[in-house]
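Subject: A structure for you to look at

Hi,

Here is the structure I said I would pass on. Have it open while you read, and I'll walk you through what turned up.

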Amino acid sequence: MATPPVAAGGNFEAPPPPPMQPPGTDMTGICFRDQLWLNTYPLDRNLVFDYFALSPFYDWTCNNEQLRMRSIHPLDLSQLSKMTGMEYMLSEVMEPHLFVIRKQKRDSAEKVTPMLAYYILDGSIYQAPQLCNVFAARVGRALYYISKAFTTAASKLEKIGYVDTENESETVEPKGGKEAINIKEVKRVDHILASLQRKNLFCS
């Protein structure tokens, strides 16, 4: 079975590395796929790392690259555990459709700190978003819908208030006419009572 060229020994030369991204660069919007490679080699647990190394996600200063230069399989844990620094590990495998590669920092044989995760889905490579970014995105989406709901509710309440105001003005107008008549009657009664009171004063 044919195997892809590697950087170690022989007449093969290592392909030029893709441009390195600055530290902290968000690469979750990038998708890498090399259809020519996929048409030439099988995508399995033995060759998946060679395929991943073609992508812009690959850090050529990692310990795995040092193993490749020494013609050692880059995922050999017995060798990686003896080294310190950045490395990649194959954490999940569902051949041939899904592979999950974890980037981690190794401080000792027992101590590693996970950094990032990448997944290869049917030959396409993606960077998995970090949990904090997923949480922030979902909170932002929830706040958007909450704000939209409040805006919709406020607009409906304004319409209801406008209709109520119109209804009140319509009902007040006829009442206003009745109240005008009542006021006249009240004034007439007051005038009569005042006249009677004056008469009583004069009689007394």
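What pLDDT does the protein chain average, and what share of the residues score at least 70? Keep in mind that this is a predicted model. The chain average is a pLDDT of 78, and 60% of the residues score at least 70.

Five strands make up an open sheet, in the order S1-S5-S4-S3-S2, and the pairing is antiparallel. Which strands stand at the edges? They are S1 (31-32) and S2, and each has a single partner strand, so one side of each has no neighbour in the sheet. As background, strands of a sheet pair through backbone hydrogen bonds, either parallel or antiparallel.

You can walk across the sheet pair by pair:

- S1 and S5 are joined by two bridges, antiparallel. Here Phe32 has Ile125 in S5 as its bridge partner.
- S5 and S4 run antiparallel, with four bridges between them. Tyr119 is bridged to Tyr126 in S5. These two strands form a hairpin with two residues between them, and Asp122 in the turn has a positive phi of about 50°.
- S4 and S3 pair over nine bridges, again antiparallel. Lys103 has Leu116 in S4 as its bridge partner.
- S3 and S2 (residues 85-94) are antiparallel too, joined by nine bridges. Glu87 sits opposite Gln104 in S3. This pair is also a hairpin, with three residues between the strands.

Next, have a look at the largest nonpolar core, which has 22 residues. Which of them touch the most other members? The answer is Leu43, Tyr51, Phe52, Tyr88 and Ile120. Two or more residues come from each of helix H1 (35-40), helix H2 (48-52), strand S3 (98-106) and strand S4 (112-121). H2 gives the most, with four residues.

Leaving out residues up to four places away in sequence, Phe52 touches Phe57, Tyr58, Tyr88, Ile101, Tyr118, Ile120 and Ile125.

Two other residues are worth a stop. The first stop is Gln127, in strand S5 (residues 124-127). Is Gln127 buried or exposed? Gln127 counts as buried because its relative accessibility is 7%, and the cut-off for buried is under 20%. Beyond four places in sequence, Gln127 touches Asp26, Met27, Thr28, Phe57, Leu116, Ala117, Tyr118 and Tyr119.

The other stop is Leu80, in helix H4 (residues 77-80). Leu80 is buried, with a relative accessible area of 0%. Which residues surround it, then? For a sense of distance, Leu80 and Ser108 are 28 residues apart in sequence, yet 9.8 Å apart in space, C-alpha to C-alpha.

That's the tour. Write back with any questions!

Conventions:
Residues are numbered from 1 along each chain as its sequence is written. This is a predicted model: local features need pLDDT of at least 70, side-chain atom pairs count only at pLDDT 80 or more; totals for chains, interfaces and linings use all residues. Side-chain values use heavy atoms; hydrogens and water are left out. Buried means under 20% relative accessible area, exposed over 50%, partly exposed in between (1.4 Å probe, protein chains only). A nonpolar core is a set of buried Ala, Val, Leu, Ile, Met, Phe, Trp, Tyr and Cys residues joined through side-chain atoms within 4.5 Å. Contact means heavy atoms within 4.5 Å. pLDDT is the predictor's confidence in each residue, from 0 to 100. Two strands pair if DSSP finds at least two bridges between them.
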